[in-house]
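I opened my notebook to look up a few spots in this structure.

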Amino acid sequence: MNTHQAHTLAFRVGALATAVGSCMTLYDSTIPSGYAMLRFGSPLAQAWPQSLVHPVAPSLVMLGLIVLSLVAAVRPTQALRTFWAIFLLLMTTYCALHVTTLNKAEFYGGLWSALWWCWFVYTDSVDPTRLRQDGPRLATFVLMGTFLPSALGKTVPYHSPLLVVRPYGLPALFPNLVIPEGLRTAVMSLVIATEGFLGLAPLLPLRWVLRALPVVITAMFLWDMYLLPALLPVLSVGVASWIVLQGSDEHGDAASE
Amino acid sequence: MSRSTDSSRALLVRLWRRKDALALTLVTASLACALVAMLAPVLPSVESFLLARQQGRAGFIGHVALLPYASMYTLDHEVCLGIPAHSMGEVSEENVVACERLAYEPHAHRQLSCEPLHSLRQVNHFPTFGVMQLAPRLKTCGGDWMDMLVISRGWRTTTRQHLRLFLDDSGGRWEIIE
């Protein structure tokens with residue numbers, strides 16, 4: 001796999017992950033939650049511009065992103081890549097605002113990922129060699145922006161200035177499972193350690209992070225299936241970074257031979 | 001790629017020298033978010049913002065300002081339910097049992113009960129979704145409006161909010177009384 005092939009494959013991973021994640025978000029969140037908000041006449045919804053709160057517009061935009069992602073994955077021309085990246089960033093920002101009206105954060109990780117993909121497409125068009133040099137390490141800042149606040153947020157106590165792990169986040173796969181308090185604290189400590197590890201990725205060896213990322217994200221998905229739309233963009237950045245590194249390594253090896 | 005050129009410090013130096021605005025934006029925003037998350041527990045204003053946001057009082061700018069932290073901090077909300085009120089007369093006999101079971105604790109003199117409501121107290125988007133879950137309970141009781149007191153505890157301060165839930169043809173709506 002030469003450099004060009006690796007970059008194309010990495011882009012396809014991002015486009016397909018975006019399509020799948022958008023499908024899930026469309027099904028899971030945007031339409032039902034938005035309609036529920038309107039149905040119950042929440043003052044929260046009334047305080048926002050209706051174009052943001054109403055679920056129809058974000059849903060249509062997301063449908064457009066799904067189609068565009070699939071087309072771009074099949075025919076990754078430069079024009080389509082550029083259009084996809086810009087549309088992804090704009091759509092992610094718009095939908096992040098919409099989802100925030102629902103007090104959810106599915107697109108929070110997506111914001112950083114969308115920025116990274118914009119950088120990927122732009123850099124690939126002007127100086128492809130920089131993708132290998134800077135892309136994977138830049139991806140670690142996507143992980144920091146996504147996971148470090150999440151880990152820190154779980155350490156804030158309810159009523160005490162002490163650092164107390166909060167007992168929430170039970171696995172959605174086991175809805176009726178009652179976990180003893182002590183075990184819950186241990187489980188949440190593990191979650192915080194895991195998210196903290198990913199959040200501190202800029203300080204860790206790159207290959208450790210890229211190898212651990214799929215395992216950790218898969219574990220998070222098993223922990224809560226509804227996290228997948230938020231996790232997929234981050235995972236796609238990690239996988240794309242790995243592909244870029246692999247392709248470049250092999251190309252470099254071939255060149256040196 | 002050697003380890004020294006692979007480090008974050010080397011990356012930042014390269015990005016700065018090349019004036020790579022897009023990458024620098026990503027790095028700066030990521031670092032800023034991490035920094036605010038670290039400072040949040042010691043900044044009362046962040047807690048006030050979060051409390052207001054979760055109580056539906058933050059408004060547009062407050063929500064946008066807290067966008068990256070939308071679901072990061074889950075505050076504790078204790079929900080006290082009032083007696084379901086109704087304009088159509090007394091609660092029907094067949095609904096009394098369900099009403100006592102679902103709407104309030106009978107041992108609290110049916111005035112105002114502090115019900116744990118475990119499914120609600122730790123969600124980070126109360127009262128919006130919490131009220132959605134309460135509307136069917138109110139309907140079961142045959143009432144058409146009900147008061148609630150939501151005691152929200154942050155890590156430093158506690159606030160109280162009086163809400164009123166109405167049932168109507170479209171399902172329900174709620175208002176902030178005070």
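Predicted model: local features only at pLDDT ≥ 70, side-chain atom pairs only at ≥ 80, totals over all residues.

Residues are numbered from 1 along each chain as its sequence is written, chains are lettered from A and ligands numbered from 1 in the order in which they are written, and side-chain values use heavy atoms, without hydrogens and water.

**Helix pair, chain B.** I looked up helix 1 (residues 8–18) of chain B and helix 2 (residues 21–39) of chain B, whose axes come within 9 Å and cross at roughly 135 degrees. I then listed the contacts (heavy atoms within 4.5 Å): B:Leu12, B:Leu15 and B:Trp16 in helix 1 of chain B meet B:Ala23, B:Leu24 and B:Val27 in helix 2 of chain B. These residues divide into 6 nonpolar, no polar and no charged.

**B:Leu24.** I found this residue buried (under 20% relative accessible area), at 19%. Beyond its neighbours within four places in sequence, B:Leu24 is in contact with B:Leu15 and B:Trp16.

**A:Asp124.** I moved on to helix 6 (residues 108–126) of chain A, where A:Asp124 sits. A:Asp124 is buried too, with a relative accessible area of 14%. Its side chain makes a polar contact with the side chain of A:Arg81 at 2.8 Å (a pair of N or O atoms within 3.5 Å, one able to donate a hydrogen and the other to accept it).

Methods: Axes fitted to C-alpha atoms, helices over the stretch in contact; angles between N-to-C directions. Helix = DSSP H or I, 4+ residues; strand = E, 2+ residues; numbered from the N terminus. Nonpolar A, V, L, I, M, F, W, Y, C, P; charged D, E, K, R; others polar. Buried < 20%, exposed > 50% of the residue type's maximum accessible area, 1.4 Å probe, protein only.
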